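Please read this briefing alongside the sequence and the model shown below. It moves from the helix packing between the chains to the chains themselves and then to local backbone features.

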Amino acid sequence: MEREMILEVVDLDICFQLRGKVLHAIRDVSMELYQGEILAIVGESGSGKSVFTKSFMGLLDKNGYVAGGSIVYFGGEEEREVNLTAISRERDWRRIRGHEIAMIMQDPMTSLNPLKTIGSQIMEAVLLHQKVGRMEAIKRTLKHLEDVGIQEPEKRFEQYPHEFSGGMRQRVVIAIAIACNPKILVCDEPTTALDVTIQAQILDLLKELRHKYNLSVILITHDLGVVANMADRVAVMYAGDIVEIGTSEEIFYDPKHPYTWALLSSLPQAGQKGSDLFSIPGTPPSLYVDIKGDAFANRNPQALKIDFVKRPPYFQVSPTHKAKTWLLDKRAPKVTLPPIVEKIRKGGLF
Amino acid sequence: MKREVLLDVKGLNVTFGEHRKQYNAVKNVNFKIYKGETFGLVGESGSGKTTIGRAIMRIVKSSDGDILYKGEKINGTISQELDQRVMREIQMIFQDPLASLNERAKVDYIVSEGLLNLEHGIGERERKKQVEQALMDVGLLPEFASRFPHEFSGGQRQRIGIARALIMKPDFIVADEPISALDVSIRAQILNLLRDMQKKRQITYLFIAHDLSVMRFIADRIAVIRKGEIVEMAETEDLVAHAMHPYTRALLSAIPMPDPRREKEKKLFIYDPAIHDYSEDKPTWQEVRPGHFVLANQREAGEYKRMYEG
């Protein structure tokens, strides 16, 4: 199955200048995003998942810059390729932001203006991005409200954000993103601030909209349950690098990187009542200094000697699955998989 | 086997506001917590779970009902002597480790504040010794005492919050969403620490959370609360395997599981309160299976019973 690529990141490096020191936040990351897929990026806080996706929209903080590599967007007008790393003017970014790539943030309250009605905030996006008159814009706004599952759109149009519940606000934020008519939707922890039952509804909505608007979705989260529910493919990020990437089935049923194992093992669902839950020893490495070898080596009890010396390249497991770990080398010793993997394979979770 | 009841909550009501603007946050809540167990209180935001925890801590006033701790009533007006004892024996751990620590105070002061307030005349050397011990108990280094909260990571801050509770040698801890603000891998560490402390010191926990998967790992018994009312209460495994109330079943079905095949086939079960017909047959708190309570009327109780028979 050959699918159209919509975004290609090659050897991306992102650095930040902080008090005279350089922080290497993203280290040689390559990734492809295909038309219509949901790609999840998982990792701990500070692993670089937000910085990575912000760079697609020119939203890095002032002290951050792309130090190398490229981000190429294939969805431009008349199928033109756009090299996003070459954009320097704010005016050019505005053609990408919202219009091509839109973003949904974690906290819906901070992304909405408390002083403007819901309707006017969505309409602002419609007027900017859809080139229609006022009457038509109102009509489309109502349609967007309906699309994101908000009942009585005429009444809700006139209301302010504080009159909405958390889940409803997040629906409004999604409506604004959709109104920009983007091809890629970046969702940064879209349900972390919500209750589980509301979370499930928002996730269902995102899946529905993806088909309706033919969106490619990048989902940033630390919740592996959400990933299993949503993602077609999963990228596991650690210390500014994608250490493993594959289809959702491959990552959950056949994970290869020790960090992916550790993440899965520390889930409470993996725990046996009455015995300790697995926790990853140590802390992530400092990104101020050059990392030698495998960044996860000093937290990995099964690390090999070479892990401390040489950074592992990608080893291809299947056409869609690859991981950066020396364990996949022909010469590596056999290691046992953690019990959680077997448990997930057998469907032994409650 | 007769278990010792540590905390007995009887007909608890908490009302906010006055006169026409009254809001009943907690409605007629009953439960017992036995010594040495972890009792879980699960509910969504606004369900009143934190309010119950706060009523037990006496941070909010109860408007009706009794809270009995070791057989003595601790809500309402109580003697100064009991007040001091309860203040020491019941401690709390909060959700947001940054917001709950005084950012202008050093760890040394934060951890020993309780001692300073309740143990007048404690010597400086003794105080220092206890702070160091408390920090080591939660896996921090004694030299951290001279630092400020902002110098720590989220997981370490939560450990400081736990050290502050443990230094009082409490019998009972109310832990209000203690791991919700933490990363997955840090969560595991904090859960292990809490469990470890329980084993070593026979501490009883009231564990408040919205996440049933965490609850299942840590709690011995779980009560599910919705809009200020407990709708179901049972031993953890019994609750998961034999969930009866439709709200509990909706909560269980909404938990995303790290299993893509199963997630993709999953049918979401949405709870609609309108399915209950309470117009004539009123709901009561009933024991449907041994130790398994549910809020239901006579007809529903019969249905719930049949659900898991045979």
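**Briefing: helix packing, chains and local backbone**

In α8(A), the residues V196(A), T197(A), Q199(A) and A200(A) meet A250(B), L251(B) and A254(B) of α9(B), where two residues are in contact if their C-beta atoms, placed from the backbone, lie within 7 Å. Helices (H or I, at least four residues) and strands (E, at least two) are DSSP runs, numbered from the N terminus. This is a predicted model, in which local features need pLDDT of at least 70 and side-chain atom pairs count only at pLDDT 80 or more, whereas totals for chains, interfaces and linings use all residues. Residues are numbered from 1 along each chain as its sequence is written, while chains are lettered from A and ligands numbered from 1 in the order in which they are written.

**Helix α8 of chain A against chain B**

- By class, the contact of α8(A) with α9(B) has five nonpolar, two polar and no charged residues, with Ala, Val, Leu, Ile, Met, Phe, Trp, Tyr, Cys and Pro counted as nonpolar, Asp, Glu, Lys and Arg as charged, and the others, Gly among them, as polar.
- The axes of α8(A) and of helix α9 (residues 246–254) of chain B come within 8 Å and cross at roughly 55 degrees; axes are lines fitted to C-alpha atoms, for helices over the stretch in contact, and angles run from 0 to 180 degrees between N-to-C directions.
- That angle makes α8(A) oblique to α9(B), given that angles under 35 degrees count as roughly parallel, over 145 as roughly antiparallel, 65 to 115 as roughly perpendicular and the rest as oblique.
- The crossing in which α8(A) passes α9(B) is left-handed, a term used if the near helix is turned anticlockwise from the far one by less than a right angle, and right-handed if clockwise.

**The wider interface**

- Across the two chains, 35 residues of chain A are in contact with 27 residues of chain B.
- On the side of chain A that touches chain B, α8, α9 (224–230), α10 (248–253) and α11 (258–265) of chain A each supply at least two residues.
- That side of chain A divides by class into 16 nonpolar, 12 polar and seven charged residues.

**Helix α8 within chain A**

- Helix α7 (residues 166–179) and helix α8 (residues 196–213) of chain A have axes that come within 10 Å and cross at roughly 15 degrees, and α7(A) and α8(A) are therefore roughly parallel to each other.
- The contact draws on G166(A), G167(A), Q170(A), R171(A), I174(A) and I178(A) from α7(A), and on I198(A), Q201(A), I202(A), L205(A), L209(A) and Y213(A) from α8(A).
- Seven nonpolar, four polar and one charged residue make up this contact of α7(A) with α8(A).
- In passing α8(A), α7(A) makes a right-handed crossing.

**The two chains as a whole**

- Chain A has 12 helices and 12 strands, and its radius of gyration of 21 Å is close to the 20 Å that the globule rule gives for 350 residues, so chain A is as compact as a globular protein of that length; the radius is taken over C-alpha atoms, and the rule is 2.2 Å times the number of residues to the power 0.38.
- Chain B has 11 helices and 12 strands, and its radius of gyration of 21 Å agrees with the value near 19 Å that a compact globule of 310 residues would have.
- Along the principal axes, the C-alpha trace spans about 70 × 50 × 45 Å in chain A and about 65 × 50 × 45 Å in chain B.
- Of the 350 residues of chain A, 45% count as buried, and of the 310 residues of chain B, 43% do; a residue is buried if 20 or more other C-beta atoms lie within 10 Å of its own, exposed if 12 or fewer, and partly exposed in between.

**Local backbone and burial**

- D28(A), in strand β2 (residues 21–34) of chain A, has a positive phi of about 45 degrees although it is not a glycine, and D28(A) is partly exposed, with 15 other C-beta atoms within 10 Å.
- N214(A), in the loop between α8 and β8 (216–221) of chain A, has a positive phi of about 50 degrees although it is not a glycine, and N214(A) counts as exposed, with 10 C-beta neighbours inside 10 Å.
- Eight of the nine residues of helix α1 (residues 49–57) of chain B are buried, so α1(B) is largely enclosed by the rest of the structure.
- Just after α1(B), R58(B) takes a positive phi of about 65 degrees.
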